[in-house]
Amino acid sequence: MEDKKLRALFWRIDYTGALVDGGVSTTVRSLIKELIKEGHDVFYFSGSRAKLPSNVKKYYLPFNRFYRNFPEIFALHYNFRSLKFAKKFLPKIQPIDFIYHPVHDLNFSAGILKREFKIPLFLQADGVQYWIKKNWGKLFFATLVRWAEEILWTLSDRIFTFSTQLRNLLVEFGAPEEKICINPCGFDPEIFHPEIDSSNLKERLGLQKKFIVGFSGTFELYHGITYLAKSIKYVVHRIPEVVFLFVGDGSFRAQLDEIVKQDNVQKNSIITGFLPFEEVPKYLSICDVLVSPGINNPDGTEFFNSPIKNFEYMGLRKPIVATAVGQQKEIFQNRWNALLVEEKNPEAIAEAIWEIYKNPELAQTIANNAYQEGISKHTWAHRARTLIETFFELNRSKIITV
Amino acid sequence: MKLLLLVNGNAKRIFEAQSMKQEDFEIIKINEKMLAKPRKMFNYICHNYSEIYFGCISIEFQRFIPFMLTYILLSKSKKGGIIDEEGAKVKFNAIKTILITIPLLVVEAIGSLLIVIYSFVYYFIWRKWKIKN
């Protein structure tokens with residue numbers, strides 16, 4: 001039974017605009033890549049552009065241009081539109097063994113598909129949509145947001161989520177605990193590895209003989225990017241040749257620019273903006289230390305993300321400085337595979353960077369340990385295996401809810 | 001002096017694609033959420049710029065274009081448009097904005113209201129009965 005080659009449908013209904021890279025995109029793409037490597041067939045449905053292996057069968061239904069200006073309506077309309085489309089194409093690609101669906105607000109089309117076509121449904125819950133909208137965005141039609149999510153939770157067979165903290169939040173909001181399976185993010189060792197050739201990049205950026213502190217990711221509140229920016233002046237004081245390399249962009253870009261300007265450290269920082277995913281490893285590979293400054297949420301809930309960057313940093317065999325929050329406390333042990341520091345504390349971040357700078361032996365040790373840990377536990381292949389094992393386990397116990 | 005309000009994307013790539021000179025522009029980085037903050041937006045556009053542009057990665061995928069055109073309409077210069085990294089451009093035209101873009105936005109708002117009402121009924125039925133059967 002476990003040797004059976006599966007046919008999976010990845011059902012993605014979020015709008016990414018012109019961006020083809022990002023956390024969800026990387027997760028989905030990496031899982032698909034690993035499933036294909038194992039010989040499974042993957043079908044992919046989406047309303048947004050995506051970079052995927054050529055042997056994935058793709059179905060693309062663009063979002064309606066007319067409803068583009070009110071985001072909630074855009075999502076509500078796509079719930080109906082995508083469903084109508086799926087009812088036409090799904091019978092043609094059957095049998096499908098399971099649907100994998102990253103949850104997005106206001107859309108429960110995957111639940112209806114599961115019900116009508118009797119296909120097991122695996123959700124990928126990056127958060128509680130209601131909570132995310134309320135705390136990080138603007139919450140309109142709160143009732144509909146909650147209903148859509150509740151319907152999906154009820155109809156799903158498994159809810160894959162990234163961290164213990166996120167599982168707790170999901171349970172608090174009513175997700176059935178017995179369906180939740182923790183499957184953190186990971187990294188691809190073919191892309192993030194210690195032997196990346198980026199010899200020209202340092203010269204191109206004018207960073208020869210500089211001590212480079214790196215960060216990659218979207219500049220959002222929970223990534224704590226402003227605290228890292230505030231640490232620059234403290235580091236410059238001790239290491240004048242330091243340069244902070246911010247690889248990414250996001251809604252906190254303006255604040256980042258402002259802090260850099262206010263602290264007069266423009267010469268010590270480079271902000272690349274969004275880069276194509278293939279470029280990111282090259283930029284990170286020229287860094288001497290990589291930082292993950294995540295913070296707990298303003299409403300008091302714990303940091304619940306599983307930053308992909310943490311695993312990619314591990315794969316690059318670089319010394320890591322991370323804040324002691326959420327999953328970071330679980331995957332990193334202080335002074336063994338990272339330096340853990342207090343959250344929201346720029347001076348503590350600066351102190352840890354200084355320690356890496358002055359103690360190359362410690363830097364090497366934690367980088368090596370992080371790499372070994374990453375390779376043995378945290379690649380996307382491990383995550384895809386969890387997905388497949390869950391499918392077979394579910395099949396054996398025949399508890400698929402139809 | 002011209003103004004580029006960079007919604008997303010890379011200013012350098014946009015100027016290259018549009019064959020424009022970066023030194024002619026003042027660049028302000030904004031995001032889509034800022035478009036919903038008129039006071040902040042008017043602060044940016046109230047100065048005497050000869051042209052105002054909104055920059056993005058791709059116009060094809062860019063949302064909120066009618067709001068951007070309305071801001072240009074309300075600015076002093078009333079010249080400019082929306083430009084992207086792929087070389088595409090929506091040139092601002094005051095008459096077109098008043099007679100087509102804004103009325104279409106109103107129609108969209110009415111259509112949206114209908115979708116919301118339908119969704120409330122549909123979601124309610126699914127939650128109350130369908131998932132239990």
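The C-alpha centres of domain 1 of chain A and domain 2 of chain A lie 30 Å apart. The model is predicted. In chain A, the domain assignment gives domain 1 as 7–186 + 379–397 and domain 2 as 199–377.

**Where the domains meet**

The two domains touch. On one side are 18 residues of domain 1 of chain A, in contact with 19 residues of domain 2 of chain A. Three helices of chain A, α1 (23–37), α4 (129–136) and α6 (164–172), each supply at least two residues to the domain 1 side. Of these, α6(A) gives the most, with three residues. By class, this side of domain 1 of chain A has seven nonpolar, ten polar and one charged residues.

**Chain A as a whole**

Chain A holds 15 helices and 13 strands. Its radius of gyration is 22 Å, close to the 21 Å from the globule rule for 402 residues, so chain A is as compact as a globular protein of that length. The C-alpha atoms of chain A fill a box of roughly 65 × 45 × 40 Å along the principal axes. Buried residues make up 50% of the 402 residues. Take the contacts in chain A between residues at least 6 apart in sequence: 71% of them join residues at least 24 apart.

**The cores**

In soluble globular proteins, nonpolar side chains tend to be buried together. Here the largest nonpolar core has 121 residues. Which residues have the most contacts inside this core? They are F10(A), I99(A), V213(A), V321(A) and I349(A). Helix α5 (residues 142–155) of chain A gives the most to the core, with eight residues. Both domain 1 and domain 2 of chain A contribute at least three residues each.

Leaving out residues up to four places away in sequence, F10(A) touches V28(A), I32(A), V42(A), Y44(A), F45(A) and Y100(A). Another core, of 25 residues, lies apart from the largest one; among its members are L4(B), I14(B), F54(B) and I82(B).

**Where the chains meet**

Chain B puts 23 residues in contact with 23 residues of chain A. The largest share, ten residues, comes from α4(B). The table sets out the classes on two contact sides.

| Domain 1 of chain A, touching domain 2 of chain A | seven residues | ten residues | one residue |

Notes: Residues numbered from 1 in each chain as written. Chains lettered and ligands numbered in written order. Predicted model: local features only at pLDDT ≥ 70, side-chain atom pairs only at ≥ 80, totals over all residues. Helix = DSSP H or I, 4+ residues; strand = E, 2+ residues; numbered from the N terminus. Rg over C-alpha atoms; globule rule 2.2 N^0.38 Å. Buried ≥ 20, exposed ≤ 12 C-beta atoms within 10 Å, placed from the backbone. Contact = placed C-beta atoms within 7 Å. Domains from an automatic or database assignment. Nonpolar A, V, L, I, M, F, W, Y, C, P; charged D, E, K, R; others polar. Core = buried A, V, L, I, M, F, W, Y, C linked by C-beta atoms within 7 Å.
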